[in-house]
Amino acid sequence: MISTVLTNIGELTTQDHERPLTDAAVVVEGSRIAWVGPAVEAPAADEQVDAGGRAVIPGFVDSHSHLVFAGDRAAEFAARMAGEPYAAGGIRTTVAATRAASDEQLTSHVARLVAEMRAQGTTTVEIKSGYGLSVHDEARSLAVARQFTEETTFLGAHVVPADTDPSAYVDLVTGPMLEACAPHARWIDAFCEDGAFDADQARTVLQAGAAVGLRGRLHANQLTYGEGVRLAAELGLTAVDHCTYLTDADVAALADSGTIATLLPGVEFSTRHPYPDARRLLDAGVTVALASDCNPGSSFTSSVPFCIAIAVREMGMTPAEALWAATAGGARALGRDDVGVIAPGRRADLVLLDAPSAVHLAYRPGVPLVAGVWQAGRPAAVTG
Ligand SMILES: [Zn+2]
């Protein structure tokens, strides 16, 4: 097995230590991290990479994305920026384009987006279905997603298709569609929102998924106050995502349950809704993750650094909290303990920043700072 020492790291954020290490080194053996510590104490290795005094962080864990789709909704975005409201029904436009696309078209589109993410430091990504909304199209969406990640999520309950009775559709999602999709999925999800699915329907979907071994996560409280966050806490879901409109009871339920609140600020950026209040959640003891929610309607960004910059500027997070939420926090939101942290035995997912510290991710918003990415020990998207 080839070993590599990444040395002369000016600032190493491990998420395994109280604060970043300085003048540090990391030894990688095969796909795993073998050693972390001061550069002067680093053991010998077959190969050496000099970080040149720059910062190294764990690869981002983007725990929420919708990459399997076709079509473009730039005109809808432009209309929204001209004052038209965002409604959940816009998803149906993407459904029509996705159904019309071939498997090859969907696969190459996902490949392009995953590469785009990796070049910006993302080394673990969750991908949902949800633009097929038929047994055939949901199952093939998940089969496409599975080629890129083991973190696949069945989101048949994204929106009720046009001209379909809602309760008949829930029966389809929890019956034949679940049966066809479960072999390709690790998670089940529902969009609990006005215009999508109510809390009772979401509960039915999540319980049906649990019965066949899928773990639950939920889209909730994105556009309005509602029951979704409390449902997620009650069911003990790993994560509930969006959490933009929260009552004090919702925040208390999250703190008590340990369900992770995944905040998706790309959505509020793209819909001009108010940003979720990360500070309020953190101060209440809620674990917060940050993710891109990359999708063609409400958040067409693949950039976790962009989300970190917004979280720091608009959501009350410190740069260190936002970075934790996008690495170790994302890993927790996926129930993973092998990624999001740089420590011996973990997967060697590392990002070299063209900056002396990780604070630059928020301090220099919009600037491409990722100089190198290692995914499971393999160099990927290294640019200098
Ligand atoms: Zn989403």
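How many aromatic pairs does the structure hold? The structure, a predicted model, holds 5 aromatic pairs.

**Figure 1. Tyr225 and Tyr245 form an edge-to-face pair.** The ring centres of Tyr225 and Tyr245 are 5.6 Å apart, and the ring planes meet at 75°; an angle over 60 degrees counts as edge-to-face, so the pair is placed in that class. Tyr225 belongs to the loop between β11 (215-220) and α7 (228-235), while Tyr245 belongs to the loop between β12 (239-242) and α8 (248-257). The pair therefore ties together parts that are 20 residues apart in sequence. Tyr225 counts as exposed, with a relative accessibility of 54%, whereas Tyr245 has 17% and counts as buried.

**Figure 2. Phe269 and Phe306 form an edge-to-face pair.** Here the centres of the two rings, Phe269 and Phe306, lie 5.1 Å apart, with their planes at 85°. Phe269 is part of helix α9 (residues 265-271) and Phe306 is part of helix α11 (residues 304-314), so this contact ties together parts that are 37 residues apart in sequence. Phe269 is partly exposed at 42% relative accessibility. Phe306 is also partly exposed, its relative accessible area being 27%.

**Figure 3. Phe69, Tyr131 and Phe300 form a cluster of rings.** The three residues Phe69, Tyr131 and Phe300 are linked by ring pairs.

**Figure 4. The charged end of Arg217 sits over the ring of Trp187.** The distance from the charged end of Arg217 to the centre of the Trp187 ring is 4.5 Å.

**Figure 5. The largest pocket holds about 310 Å³ of space.** The lining of this pocket has 17 residues, and Thr13, Gln15, Pro20, Ala320 and Leu323 are the closest to the pocket centre. Two or more lining residues come from each of the elements α12 (319-326) and α14 (360-363). Helix α12 gives the largest share, 4 residues. By type, the lining consists of 10 nonpolar, 4 polar and 3 charged residues.

**Figure 6. Helix α1 and strand β6 mark the lowest and highest mean pLDDT among the elements of the chain.** Over the chain, pLDDT averages 96, and 98% of the residues score at least 70.

Technical notes:
Residues are numbered from 1 along each chain as its sequence is written. This is a predicted model: local features need pLDDT of at least 70, side-chain atom pairs count only at pLDDT 80 or more; totals for chains, interfaces and linings use all residues. Side-chain values use heavy atoms; hydrogens and water are left out. On a 1 Å grid over the protein atoms alone, a cavity is a set of points where a 1.4 Å probe fits but cannot get out, and a pocket is an open set with protein on both sides within 12 Å along at least five of seven lines; lining residues have an atom within 4 Å of a point. Grid points are joined across faces, edges and corners, and a volume is the space filled by probe spheres set on the points. Ala, Val, Leu, Ile, Met, Phe, Trp, Tyr, Cys and Pro count as nonpolar, Asp, Glu, Lys and Arg as charged, and the others, Gly among them, as polar. pLDDT is the predictor's confidence in each residue, from 0 to 100. Rings of Phe, Tyr and Trp (its six-membered ring) pair if their centres lie within 6.5 Å; planes under 30 degrees apart count as stacked, over 60 as edge-to-face and the rest as tilted. Buried means under 20% relative accessible area, exposed over 50%, partly exposed in between (1.4 Å probe, protein chains only). A charge sits over a ring if NZ of Lys or CZ of Arg is within 6 Å of the ring centre and within 35 degrees of the ring normal.
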